[in-house]
Amino acid sequence: MILITGATGTIGSHVVRLLTEQGVPFRAMSRRAQPGAVQADFDDPASLARAVAGVDAVFLVTVPPVPTAAHDLALLEAARAAGVRKIVKLSAIGSGEPFDGATVGAWHVDAERAIESGGFAWTVLRPASFASNLLRHAPLIRAGEPLPNLAGDARQPVVDPRDVAAVAVATLTGDAHDGQRYDLTGPELLTFADQAAILAGVLGRPVDVTDVPALDQVPPAMATGIGWARAGGAAYLTDHVPRILGRPAGTFKQWALDHRTAFTNARG
C-alpha cells in the first residue's frame, strides 16, 4: 500500500492517475474531504496515524503556507511508528545550495536529513521549475495582458510535471532508486521569455512578459530560491528523467500543446 500525500496537487494528481492505470494499491490523502481519499492534516497527529496505518511507502509532498519542515517531520514520526518502509520526498532543485547568505530550500534539506536518518529506504526528487507554473497566469494570457517575470534572463531546465510524477511512481514501486537524489529537468534550458514565445506560437497570438526586478513582495524563504535561479544556479540539465523512464523528457512545447485550451477562451 502506498500513501500519496498532496494527492490533489500538481504532481500528486498525476501520481494517482498513473498508479490507478497500473493497478497499484494506494491511498490518497487530502486535508479536505474528498471521495476515495483519507482525510488527514499535517497538524493533526491522530489523523496522520490513521493515514499511514498499513502503509509500506509514502510519497511525501508538503506545501506549508510558510516554508517549514514541521509537516514533513510530523508525517515521518507517524510513518516510523506505523512501520512504513520507504519515503519518496518531493523536494526542489537547488535545495542546500548557499546563496546570498542563506540556503536555498533550507526547509527541504531539514526534512531530507530527517528522512535519511530515520531508518527508511528513501529517494529524494528535486524537480526544476514546472511547465505548469504558467497555468497560474492563464487569466492574464486569456486577457492578452503581459506576464510578470520574476526569473529575469535566467535559463531554467523547465520540467513537465507528468515526467516528475512518472519518476515518482518508478521510485515508489521498485527499489532500484533507493538512497538516491535526482535533479529532474526537462531537455532544454529556457528563459521565461522563451516559454512565453513558445506558448505564443502554440496559441497563434502574442504572449508578452514584463520584468519584475525586485522581490520585495516574495517571502524571504522563496526569494532565496528565486534569487539563486535568477543568478543562473538552475541553468543545467541532467539525464535523470530519461535514464529512469527509458524515454526522453517531455519538452515545454509539447506540454503547451497538450494544455493550450487552458489559455484560450474555449476552455475544455
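Rings of Phe, Tyr and Trp (its six-membered ring) are taken as a pair if their centres lie within 6.5 Å, and planes under 30 degrees apart count as stacked, over 60 as edge-to-face and the rest as tilted. The model is predicted, so local features need pLDDT of at least 70 and side-chain atom pairs count only at pLDDT 80 or more, while totals for chains, interfaces and linings use all residues. Residues are numbered from 1 along each chain as its sequence is written, and side-chain values use heavy atoms, with hydrogens and water left out.

The structure holds 2 aromatic pairs. The ring centres of Trp255 and Phe263 are 6.1 Å apart and their planes stand at 65 degrees, so this pair is edge-to-face.

A nonpolar core is a set of buried Ala, Val, Leu, Ile, Met, Phe, Trp, Tyr and Cys residues joined through side-chain atoms within 4.5 Å. The largest such core has 30 residues, of which Ile4, Ile11, Val15, Phe59, Leu125 and Leu172 touch the most other members. Its largest share, 7 residues, comes from helix 6. Beyond its neighbours within four places in sequence, Ile4 is in contact (heavy atoms within 4.5 Å) with residues including Val15, Leu19, Phe26, Phe59 and Leu172. A second, separate core of 21 residues includes Val58, Leu75, Ala114 and Val124.

Definitions and conventions: Buried < 20%, exposed > 50% of the residue type's maximum accessible area, 1.4 Å probe, protein only. Helix = DSSP H or I, 4+ residues; strand = E, 2+ residues; numbered from the N terminus.
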